[in-house]
Each structure stands twice: as C-alpha cells, then as structure tokens.
Amino acid sequence: MKAREANFDGLVGPTHNYSGLSYGNVASAKNQAAPSNPKQAAKQGLDKMKALADMGMLQGVLAPQERPDVHTLRRLGFTGSDKSIIEQAAKQAPKVLAACCSASSMWTANAATVSPSADTADGKIHFTPANLTNKFHRSIEHEVTGRILRSTFADPEYFSHHSALPAVEHFGDEGAANHTRFCNEYGEHGVEFFVFGRHAFDTRHPAPKVFPARHTFEACEAVARLHQLDPAKVVIAQQNPDVIDQGVFHNDVIAVGNKNILFCHQQAFLDQQGTYRSLKEKMGEGFNIIEVPTSAVSVDDAVTSYLFNSQLIETPNGETLLVLPEECRKNDNVWRYVEQLMADQRGIDQVKVYDLKQSMANGGGPACLRLRVVLNDQEVRAVNPSTLMNDGLYGRLNQWVDKHYRDQMVEADLADPQLLDESRAALDELTQILALGSVYPFQR
C-alpha cells in the first residue's frame, strides 16, 4: 500500500530555558545559565514546520508538557497550594525546580519509538513512549507524552499504543533518537535499526567511561517485541562508546537514515563494518551508505555543528533533502564536506539550512525536533486533523505564542509563581486549538 513519512515536530514550551540539565550533552552544559528566548524558540520551530509543509510534506505538531510540573513536586514532598509549592522548591531545591520546569519535550525524537503498519504483525502503527530514565527531568515526561500521542493518533483500528518500558536503568529507552527505519518504499516491509549504548545485564561488553550510555540493548529487544517486528527484519547495533564519551549522547548525533540511505560518521558504531553487513544483507541491493570520514569531519565537528542531527527527507517529487541547522554552514570543515557531497551526487539531492539557534544552544537540532511516522492514506485520515500543519494552524499557533510566551527567561525566573499561571493558560488554550482533550494533570 502506498504510504508516506510524516514529521511530527514538538512545539517548544513556554518554560524553555537553559538550566544545563543534560550531562553528556555538550551544548546543554556549555550554555547553562545563559538567557533563553521561549518566544523565539517556538517561532523558529514553527517556521521549520511550515517550510516543510509548504514543500508538500505531511507535517504535524505535538504539544509540549505541562511545566512547571507541580504534580511531580508534590510527589517529592512539597505541600500546600501550587504557588506555595513553587516557592518552597525554589528555596529548598532550586535544581529540582529547574528539572520540573524543563521544556525538553520539544525534542520529540525522544518522545517514542514508532513502527509503521507495514512492519508489524497486526498491521497497526505501534507507539512506545520512551521512559528516558537516565535524566530525571526527562523521566517525568512519558505519561503525558503517551496521552498526547493517544489524542493525536486515536483510532484503535489503525494505532496501537504501549506503556513505556519499566523505569529502571536496565531498560533505559531514549526513543527514536536511537531508531531508524529503512525501506525501499514507505509502504513496503522495512528494516528497523535500533542502536544502543550498553548492555545492562552483561557488563563484559564495552561501555563508555566518561558520559552515560542512555539506551540499553535490552530496551531495543523489548520494543521490537512489543511492536511485533519480524526478527529477520531487525538490526540492533552498539554505538561506539568512544564517541559517546566525546558528546555523542544519542545515535542521531552521529548518524541519520531514510528509505535506503544511511548517512553516518566513520566512527558511529562499535562494529562499523559488521553493522554495514547486517543492514546490507537485510535491505538487499541498492542500500546506500554515505560514510563521512574523520579526516573530513571530526567527531568534535559533528557534535558542535550537528551535521548528522539533520533531517533526511524524501520530497514529494522523489528527491532526497538534507535539512541542516545554520551551525553547519558556520563550520568550515562541515560546510566544505557538504558542498563536496552535493558535487559528488552520492544520493542527496538538496540541502536546506534553518535557523534553530534556540534549540541548538540547548543541544537539539532538526532531527531532535521531530518524530517520524509513516502513514498510508487510510491512516492519514485517522490522524487528529487539528494537529496537521497548514496556513491556518501556523497563523493560530504564532498568535498563541505571541499571546502567551515570554521573550527572555533565566533560571531565576522559574521561581516566579506567575509562570505557572501563564503556562497553564497557554496549554489550556493549546489543547483546544489542537483538539487534544484533557491531556494535562491540571485539566484532569
């Protein structure tokens, strides 16, 4: 059956700030305590969504989390009114408050793992929200993420929703940031590629020594089982521990793929050649691996520019488009390589560059901002239509941002009880714009 790939981007939340919460993410650490601009961040994301929709691509919007997360603060022993809880947390545990105000759900590549109906035994699209257990500020997302996904993809005839994996380090799951689906045509049975950082139950295997490996082998196996995938059409590979220790906290910082193309760094995987052999064997003739040599682009260049944290997209006319952040153009080595790649005509037909500075400064590029969902025509009709980008939704969401978002935020602003009222007012209106129903704790 004919199908196409949709991108569902996360809308940046009203509390977008740089608290430096993500150990192992170089950009997050480097920009800690810098002032952020939530309004600009949301608009930069919306502009990218609208640009892709204008090219004829199917583009959706996923709502952010409720922040500050007063529900979690109550679980941690703070009591009284909601505003009193914010004030107590600011005085007694400011870093906990910062974690409960994080707007990191904007990076929906971490929201879930998605398997299209062509790959699953029951012929439904399967969703498993990522438990994100390695970082407290992200581990509190998956319940609301699941509700948002269920409201966006609601029809049980086409969509199957799972709970997150057990919230323990043995099953650390970072979602689609470590998952790629390869195919010849979107509607045909594809090969699902899972990448992990370490084995949880067998410590004899290599693992990083400096920064944490957030995703486990056991989580990959579990999601493949939940999604009813054919083992003959699954490849599970280990990320190179040495590059994790250089700031490559997810596979999508060192590799990206789409259809029959894998675009990756020479040092991406622990067993690079073995990984290539497995993918070629299961994909068959015509699988195209574009390996970027270290001599052209160092791991440091890859991390600072986010060359691989890009979107690899098939346009409506069948061309392959590489969507890059502006930082790639500013890195001489990376841009020299990109220009040579285009000249060599190795399978990527176009490059487009977008300004995503607000996201990049917190450690997330174009790939982080989107969750990919392959949909056939019937499945497209079953998606909540209010979440699909068009001129009207773009205009309404920009007006909504102008109405509710601040244009500057520093960590001290998170202690302002007024921020809670502003955020809830914004999200209450957003659930009406996107027809999501009552997905947030304050609405239930």
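1. Lys 50 lies over the face of Tyr 394, 5.4 Å from the ring centre. To count, NZ of Lys or CZ of Arg has to be within 6 Å of the ring centre and within 35 degrees of the ring normal. Lys 259 does this too, over the face of Tyr 186 at 5.2 Å from the ring centre.

2. A word on what you are looking at. This is a predicted model, where local features need pLDDT of at least 70 and side-chain atom pairs count only at pLDDT 80 or more, while totals for chains, interfaces and linings use all residues. Residues are numbered from 1 along each chain as its sequence is written, and side-chain values use heavy atoms, with hydrogens and water left out.

3. Lys 259 is found in the loop between β9 (255–258) and β10 (261–265); helices (H or I, at least four residues) and strands (E, at least two) are DSSP runs, numbered from the N terminus. Is Lys 259 buried or exposed? Lys 259 is buried, at 9% relative accessible area. The scale here is buried under 20% relative accessible area, exposed over 50% and partly exposed in between, with a 1.4 Å probe and protein chains only.

4. Gln 228 is another non-glycine residue with a positive phi, about 55 degrees. Look for Gln 228 in the loop between α8 and β8 (234–238). Its relative accessibility is 33%, so Gln 228 counts as partly exposed.

5. While you are checking the backbone, have a look at Pro 68. The peptide bond leading from Arg 67 into Pro 68 is cis, with omega near 0 degrees. Pro 68 lies in the loop between β2 (59–62) and α3 (70–75).

6. Now the aromatics. How many aromatic pairs does the count come to? There are 13 aromatic pairs, under a rule that takes rings of Phe, Tyr and Trp (its six-membered ring) with centres within 6.5 Å, calling planes under 30 degrees apart stacked, over 60 edge-to-face and the rest tilted. One of them is Tyr 158 with Phe 159, a tilted pair at 6.4 Å centre to centre and 55 degrees between the planes. Tyr 158 is buried at 17% relative accessible area, and Phe 159 is buried at 4%.

7. Phe 196 and Phe 217 make an edge-to-face pair, with 5.3 Å centre to centre and 65 degrees between the planes. Phe 196 belongs to strand β7 (residues 191–196) and Phe 217 to helix α8 (residues 217–226), so the pair ties together parts that are 21 residues apart in sequence. Phe 196 is buried, with 4% relative accessible area, whereas Phe 217 has 21% relative accessibility and counts as partly exposed.

8. There is also an aromatic cluster to find on screen. Tyr 158 and Phe 159 belong to it, together with Phe 8, Phe 127 and Phe 153.

9. On to the cysteines. A disulfide is a covalent bond between the sulfur atoms of two cysteines; the cut-off used here is sulfur atoms within 2.5 Å. The structure holds zero disulfides. For Cys 220, the nearest cysteine sulfur is that of Cys 264, 17 Å away. Cys 220 is buried, with a relative accessible area of 0%. For Cys 328, the nearest cysteine sulfur belongs to Cys 368, at 13 Å. Cys 328 is buried as well, at 0%.

10. Next, helix packing around α17. Helix α4 (residues 82–92) packs on helix α17 (residues 417–433) at an angle of about 130 degrees, with the axes 8 Å apart. Axes are lines fitted to C-alpha atoms, for helices over the stretch in contact, and angles run from 0 to 180 degrees between N-to-C directions. That makes α4 oblique to α17, on a scale where under 35 degrees is roughly parallel, over 145 roughly antiparallel, 65 to 115 roughly perpendicular and the rest oblique.

11. Helix α16 (residues 391–404) packs on α17 too, at about 165 degrees and with the axes 10 Å apart. These two helices are therefore roughly antiparallel to each other.

12. Last, His 16. This residue sits in the loop between β1 (3–10) and α1 (26–30), and His 16 is buried at 0% relative accessible area. His 16 and Tyr 405 are 389 residues apart in sequence, yet 9.5 Å apart in space, C-alpha to C-alpha.
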